[in-house]
Amino acid sequence: MVTVMSIILGLDVSTSITAICLMDESGKILESEAYRLEKEEDVFKKASVVEAGLKNIKSKYNVTNVFIESPVMVFQSGASSAFTIAKLQCFNGMVSLLAYQLFNVVPKYLTPAEARKCCNIKMDKSLITKNYK
């Protein structure tokens, strides 16, 4: 019997930079990359850049799990406007659909705090500002 190793794809989706990380089941990082999107004119061109990157990943790895950082869902004083939150939600949905269609895996969504907990990453609470909680 052939054993297939689990490959985990993590995505941090943003309209300016979308980052990816590929890990094997032992937690070894296989690849990490950031797609710079700030010069692309609209969300469709930005999504095309991410799609090309995901297709490259698909050509090299059998991704079995996809985790995506949950998009911002609430207003915070001094943070994103309604327009920005709506744009991020839209783009997150586009990238989620691309990942689902390419890897045939339903993405799971994690907050940054949940992701740190899963990876057993401890943060120095004195260094965390209100924007990073």
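Of the 133 residues in the chain, 29% count as buried, where buried means under 20% relative accessible area, exposed means over 50%, and partly exposed covers what falls in between (1.4 Å probe, protein chains only). The model is a predicted one, so local features need pLDDT of at least 70 and side-chain atom pairs count only at pLDDT 80 or more, while totals for chains, interfaces and linings use all residues. Residues are numbered from 1 along each chain as its sequence is written, and side-chain values use heavy atoms, with hydrogens and water left out.

The chain has three helices and five strands; here helices (H or I, at least four residues) and strands (E, at least two) are DSSP runs, numbered from the N terminus. Read from the N terminus on, the elements go β-β-β-α-β-α-β-α. Of the contacts in the chain with a separation of 6 or more, 52% come from residues 24 or more positions apart, a contact being heavy atoms within 4.5 Å. The chain exposes about 8900 Å², with carbon and sulfur atoms supplying 58% of it; accessible areas come from the Shrake-Rupley method with a 1.4 Å probe, and for residues only the protein chains shown count as cover.

Now to the sheet. Five strands make up an open sheet with mixed pairing, in the order E3-E2-E1-E4-E5; two strands pair if DSSP finds at least two bridges between them. The edges belong to strand E3 (29-36) and strand E5 (108-110), each with a single partner strand, so one side of each has no neighbour in the sheet. On average, neighbouring strands of this sheet are turned by 20° against each other, direction ignored. Axes behind such angles are lines fitted to C-alpha atoms, for helices over the stretch in contact, and angles run from 0 to 180 degrees between N-to-C directions.

Strand E1 (residues 7-12) and strand E4 (residues 65-69) run parallel and are joined by four bridges. Within that pairing, Leu9 has Val66 in E4 as its bridge partner. Helix H1 (residues 43-60) packs on the sheet, where it touches E1, strand E2 (17-24) and E3, and its direction makes about 165° with that of E3. H2 packs on the sheet as well, touching E1, E2, E4 and E5, with its direction at about 175° to that of E4.

Val66 and Ile68 form its covered face, whereas Asn65, Phe67 and Glu69 form the uncovered one. Gly10 stands opposite Phe67 of E4. Three bridges link E4 to E5, and these two strands run parallel; the bridge partner of Glu69 in E5 is Leu110.

The loop between H2 and E5 holds Pro107, which counts as buried because its relative accessibility is 11%. Leaving aside residues up to four places away in sequence, Pro107 touches Val66, Ile68, Ser96 and Tyr100. The C-alpha atoms of Pro107 and Leu11 are separated by 9.8 Å, although the two residues sit 96 residues apart along the chain.

Leu97 lies in helix H2 (residues 82-103) and counts as partly exposed because its relative accessibility is 47%.

Then there are the charged pairs. Side chains of opposite charge can pair when their charged atoms come close. The structure holds four salt bridges, a salt bridge being a side-chain nitrogen of Lys or Arg within 4 Å of a carboxyl oxygen of Asp or Glu. One of them joins Lys60 to Glu31, with the closest N and O atoms 2.8 Å apart. Lys60 belongs to helix H1 and Glu31 to strand E3, so this pair ties together parts that are 29 residues apart in sequence. Lys60 is partly exposed at 45% relative accessibility, whereas Glu31 is buried, at 18% relative accessible area.

Another salt bridge pairs Arg36 with Glu38, their closest N and O atoms being 2.5 Å apart. Here Arg36 is exposed, with 57% relative accessible area, and Glu38 is partly exposed at 38%. Lys45 forms a salt bridge with Glu41, the closest N and O atoms being 3.4 Å apart. Lys45 is partly exposed, with a relative accessible area of 37%, while Glu41 is exposed at 67%.
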